[in-house]
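Q: Please take a close look at a single part of this structure, and describe how that part connects to what surrounds it.

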Amino acid sequence: MKRLIERSRSVGEVLRWVTQNPGKVSASHYPIALHKLGQLLQQQPGPPMGAGDSRGPAGQVLEQPEFHVLCQAIVSGCAKFDNFSIVNCLYAAAALGLPGESPLVRVLEDESRSRLGRFNQKDVSMVFSSEANNKALEAIFSSQLFYENRQERFIRSMAEWLPRKAENLTPYTMALIAKYVARHRLREPRLLDTIANFLLKRGEQLDSKVIQKLVFPFSRMNYRPSNHGELFPKLEAILEQKAGSSPLATVNILMSMFQLSHFPQTVLHQVFSPGFITNVMSSPYALIVRRYLSLLDAAVELEFREYSGPRLDPRYRVLMFEHALTADEANRKYSYKGLVAEALRQLVGEECYRQDEVLPPGYCTDFLLWINRSGAVLPLSRVPAASRAPPATSPVTMSLRSSVLALTSDLQDFAPVVLSVNDKWHYCQNSDILVGSRAMRDRHLRLLGYCLVQLPYTELEKVSGIEEAKHYLRQKL
């Protein structure tokens, strides 16, 4: 039957084979028939096939009784179809141009959504690149199966059609897409610019919690959207109006903008105002906001020196992070950090470095060393206490400017060095660009007077064994 359908030379011949031989037609034959119909219709003259188009040969086919018999057979039997047949029927129906409200498409979509948890990645990609409507996109990006896996084929497809469909999507759907893009570190300019354009057009109608979800992918991917000249001032204006309505969302949006080296002065006046601080400190999320405000305050001192407005009261300063990031802990077994640690121990000795040292304003470093002018690594006992890294345990009294002075006063004799093991998840997907939080950390450490030595995974994965690792570190240092 498959061979007969594929060799058919006319629409009528395909329909006859399928409808007049029901006993010989299996589930796998239906998508083949729909695909063949689509191919034959493309070869016929007349207006192009479209949803509900009753003109020309394409529209006439959809109205033929035999075609309705074919559709009814699929509707009646699809609950018993295997996943492959369901997916391919839906994909073929979309290619054929069947309207979304047709019974065939509705039944196939419902059946597909009910099976999402059992679909493999290729099936999921095909289903939703064929649906690609608001309801379907909500379903896919709400699917844990899809959310936890990067769908390369679907993402490439989505980058093509999302800009055309974005206008008709809801903020909820776009926020789900933004969440997926951020989770998988997808630095795809067409997707990110589409989110940015959506935000520019709809920003005033959105609350701060939705805005923070749409802005986050830009900072996560360290990407300034092509419309940032219009978008960033608009976000500032929106935040001025809504800063107090959702303090945590406001601070998150500010953090995203800071990571992209954009510093909205008027919003900072509000966020560091006594009223905003009092409101935050009495809220259930006080600690997390204090962490973000402490980091924002440090960023102002290091990167926005011309700012002259209110600052965070020293009483409220805390470390942004007190230990390694959750992602780093979760991926420890995939990290090259263990290899570097053992090679460094053998190369310079444990008395010459600190591991996992947290430096104000709360950045966890992989390895911290001090090196003299001749390039020798010094034992910690030979480094004057006044010139060592400021104690991370006393952020309340810390002064970043005095820290910089302390670290640079003896640079003619020795310099503090941070060895940074940059594993795969510290970069945007398929890119050598660090994610925004990591990039800002590096900027701040340099401004604090540390020399950064980057150890990217692309170099470390070429290192074989401890001896090669020691040779690699010796060159780096």
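A: In this predicted model, strand β4 (residues 367-372) is mostly covered, with 5 of its 6 residues buried. Two strands pair with β4. Strand β1 (residues 353-355) runs antiparallel to β4 and is joined to it by 3 bridges; within this pairing, F367 of β4 is the bridge partner of Q355. Strand β5 is also antiparallel to β4, and 6 bridges join the two. Here L369 has V417 of β5 as its bridge partner.

Strand β5 spans 414-422, and the loop between β5 and α23 (436-447) contains I433. I433 is partly exposed because its relative accessible area is 26%, and the buried class requires a value under 20%. Leaving out residues up to four places away in sequence, I433 touches R187, M221, N222, Y427 and C428.

Beyond its neighbours within four places in sequence, L199 is in contact with L206, I211, L214, V215, F218, L231 and L235. In soluble globular proteins, nonpolar side chains tend to be buried together.

Methods:
Residues numbered from 1 in each chain as written. Predicted model: local features only at pLDDT ≥ 70, side-chain atom pairs only at ≥ 80, totals over all residues. Heavy atoms only, no water. Contact = heavy atoms within 4.5 Å. Helix = DSSP H or I, 4+ residues; strand = E, 2+ residues; numbered from the N terminus. Buried < 20%, exposed > 50% of the residue type's maximum accessible area, 1.4 Å probe, protein only. Pairing = 2+ DSSP bridges.
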